Amino acid sequence: MKELEEYIRRFGTVKEGNVLKVDAFLNHQCDVALFDRMGEEWARLFAGKPVDKILTIEASGIGIACVAARHFNNVPVVFAKKYQSINLDGEQYATSIHSFTKQKDFHVIVAKKFLNAGEHVLLVDDFLANGCALNGLIEICEAAGAVVEGIGIAIEKGFQDGGASLRERGYDLQSLAIVDAMDPATGEIEFR
């Protein structure tokens with residue numbers, strides 16, 4: 001998606017440690033019109049696939065997943081919670097994931113009543129680096145007996161192994177922008 005690449009070039013900042021900061025439009029301040037066009041593109045890329053629900057992880061995936069859902073007949077969006085809350089009751093699916101950006105592990109949960117056997121699920125997230133968050137969501141879907149129909153990613157770091165690993169395992173992974181290289185010294189970003 002050339003438009004997303006232009007946003008990344010214009011507003012993104014490359015930091016040391018393979019960090020791409022895109023908080024001006026994606027994961028702090030949200031450009032809802034851009035999110036809408038991203039959802040439209042995922043709907044085109046996953047056309048013909050049954051999607052009953054969109055599953056993401058808090059917090060940055062929630063906004064893009066909700067806007068994308070409008071392009072999938074307003075299916076419900078479920079997000080894996082990173083923290084236990086007194087508001088969560090009943091049985092839950094749980095797993096642990098490692099956050100590349102935060103460099104820590106999170107225990108994530110989804111209430112069993114919101115993810116059911118036989119449901120067709122589209123996973124959506126803002127970034128894909130090593131694939132830890134997505135592997136956790138896949139594990140939750142497998143535990144529920146839900147079918148992962150596809151994975152929609154806003155920005156994939158193509159120089160890290162998460163995308164290649166998921167594709168090798170047979171997942172239909174559609175990233176709207178794939179970064180091949182980035183240089184914190186110059187701020188230069190190369191796309192696939």
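## F25, a buried ring

F25 is buried in this predicted model, with a relative accessible area of 1%. The residue takes part in a ring cluster, in which ring pairs connect Y7, F11 and F25. The sections below describe the members of this cluster and their contacts.

## Aromatic pairs

Three aromatic pairs are present in the structure. One of them joins Y7 and F11 in a tilted arrangement, with 5.7 Å from centre to centre and 55° between the planes. These two residues are four positions apart in helix α1, which spans residues 2-11, so about one helical turn separates Y7 from F11.

The two partners differ in their accessibility class. Y7 has 16% relative accessibility and therefore counts as buried, the limit for this class being under 20%. F11 has a relative accessible area of 34% and is partly exposed.

F11 also forms an aromatic pair with F25. This pair is likewise tilted, with a distance of 6.3 Å between the centres and an angle of 55° between the planes.

## A charge over a ring

A further contact involves a lysine and an aromatic ring. K82 is positioned over the face of F106, at 4.6 Å from the ring centre.

## Summary

In the cluster of Y7, F11 and F25, F11 pairs with Y7 and with F25. Y7 is buried, F25 is buried, and F11 is partly exposed.

How values were computed. Residues are numbered from 1 along each chain as its sequence is written. This is a predicted model: local features need pLDDT of at least 70, side-chain atom pairs count only at pLDDT 80 or more; totals for chains, interfaces and linings use all residues. Side-chain values use heavy atoms; hydrogens and water are left out. Rings of Phe, Tyr and Trp (its six-membered ring) pair if their centres lie within 6.5 Å; planes under 30 degrees apart count as stacked, over 60 as edge-to-face and the rest as tilted. Buried means under 20% relative accessible area, exposed over 50%, partly exposed in between (1.4 Å probe, protein chains only). A charge sits over a ring if NZ of Lys or CZ of Arg is within 6 Å of the ring centre and within 35 degrees of the ring normal.
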